[in-house]
Amino acid sequence: MKHTPTAPILAGLAALEAQLAQDLDFLELPAKPWVPARSRDGMPVRDVVVIGAGMCGLAATAKLVLTGITNVVAYDAAPAGFEGPWITFARMQTLRSPKTLHGPSLGLPQLTFRAWFTAQWGVEAWRSLDKIPKGQWMDYLVWYRKVLGLPVRNSVRMTGLAPVGDLIAIDIDGAESGRVLTRRLVLATGRSGLGGFAVPDFLNGIDRAYWAHSADDIDFDALKGKRVAVIGAGASSMDNAATALEAGAGSVDMLIRRKEMPRINKLTGIGSPGVVLGMHELPDAWKWKFFDYTASTQTPPPRSSTLRVSRHANARFLLGCGIVAVKEDAGSLLVETTQGPMRYDFMIAATGFSNDFSDRPEFAALAPHIRTWSDGRYTPDMGPTRAGMSDAPDLGPAFEFRERIPGSCPMLAHIHCFNDAAMLTHGKVSGDIPAVSAGADRLVRGIASSLFAEDVETHFANLIAYDTPELLGDEWVDSTPLLHKEAAL
């Protein structure tokens, strides 16, 4: 990876911001606010609340504001500048996506990472850049939020929600606390989606002093000289193993259940606007076929991430090494594997996330009512069931939840799942960089349409009440009386 100059050209960034402002002005964006204001018992009502201000939350919030839905707010539990995974549990050195992807730019050239980068470091630096350093991507997202003036509130966590008539009441805590009423709720909760960490059964009951999930805040310095095991062969596994090795771990074993490493990134290979715009329109059997196949072939870790591990002499890749059982023994972990017993001081489970809604107390009011693919959308003729797919939420065309039992929880129709859990229904448009703008567009089109329909009587009344004349009456002369005079001659 080639490094960019350390000193940005601030004048270039100011010029970019001026150009972006002019582009928005030419496009008449943001659109004029058009959603009628509401209140309930003297309490103001938000049109939309977005939970999460990482990349997807920012893209959704920006698209809402640009569309004229301006009575919105985004809450994020993290402090400003720490939203999303980029400088917390994402332990890669660079992004895995190509630097040229448009990301959350929403079709605005001056809002792309490339425009932001070249404005500060120039075209030659852009050409020499290989992949985007993850910290620099976070800097770009901070600028994105600032230059668009997005209404984000940090250090605020949603703790619960409940229906209040046709509205949604959200309980929040942190830098702001209390209850907020909203008409629509967008859950832009990233990789964790609607659940929490996916933890293998063999770690249940094991003292947390001996293991961590790859998304935990891990003290890697404490692993210096220790025997470390990392479960899996995905990108996160490699990133965590490399970080442990670079922190001075005595040894790191990659415990890989498969006998061969996956080598081909299938979905990336067929990436196109057709996939982005057409996947969600396919029959369900085809959706299942695509994602079942890619799940079975698996996504390989990036070459650079794998080399980052293998360059260390004290790293081992143990293939065909499934874990049978784990137990605490004499101040360490005794791990029974298909290759025999092994002993470690610490284990990192790079095992992803689950859609188990019951793992999230703030979703307790929703969990029993959310319809999943296993509730009838999946049928046996599609192929074998697969964990992580069968329990995916069965969503509507604007990412809205559907009820498991019709009428049991009507507010679900006003809650939108704009996160990784939406992938099976909508494709990869709400969790990854390549298609997040398309996802935000689809989400906001649906929200705008439903808000307009809900307020149709008000809009029609506004139509009737509108009385600003285009013609003042002095633009013409009525010549009809002349017709009678001419006819009498």
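Predicted model: local features only at pLDDT ≥ 70, side-chain atom pairs only at ≥ 80, totals over all residues.

Biologist: Where is leucine 106 placed?

Modeller: Leucine 106 has a phi near 60°, which is a positive value in a residue other than glycine. Its relative accessibility is 15%, and leucine 106 therefore counts as buried, since the cut-off for buried is under 20%. Its place is the loop between strand E3 (72-76) and helix H3 (113-121).

Biologist: Is serine 155 buried, partly exposed or exposed?

Modeller: Serine 155 lies in the loop between strand E4 (152-154) and strand E5 (156-164). Its phi is near 55°, again a positive value in a residue other than glycine. With a relative accessible area of 33%, serine 155 is partly exposed.

Biologist: Which peptide bond is cis?

Modeller: The proline concerned, proline 30, is found in the loop between helix H1 (10-26) and strand E1 (38-40). Omega is about -5° for the cis bond, which joins leucine 29 and proline 30.

Biologist: The structure holds 19 aromatic pairs. What is the geometry of the pair formed by tryptophan 286 and phenylalanine 290?

Modeller: The ring centres of tryptophan 286 and phenylalanine 290 are 6.1 Å apart. Planes under 30 degrees apart would count as stacked and those over 60 as edge-to-face. The planes of this pair stand at 50°, so the pair is tilted.

Biologist: What separates tryptophan 286 and phenylalanine 290 along helix H9?

Modeller: Tryptophan 286 is partly exposed at 43% relative accessibility, and phenylalanine 290 is partly exposed with a relative accessible area of 27%. Both belong to helix H9 (residues 284-297), and because they are 4 residues apart, their separation is about one helical turn.

Biologist: Which charged residue sits over the ring of tryptophan 126?

Modeller: Tryptophan 126 belongs to one aromatic cluster, whose members include Trp86, Phe113, Trp116 and Tyr144. The charged end over the ring of tryptophan 126 is 4.7 Å from the ring centre, and it belongs to lysine 99.

Conventions
Residues numbered from 1 in each chain as written. Heavy atoms only, no water. Helix = DSSP H or I, 4+ residues; strand = E, 2+ residues; numbered from the N terminus. Buried < 20%, exposed > 50% of the residue type's maximum accessible area, 1.4 Å probe, protein only. Phe/Tyr/Trp six-rings, centres within 6.5 Å; stacked < 30°, edge-to-face > 60°. Lys NZ or Arg CZ within 6 Å of the ring centre and 35° of its normal.
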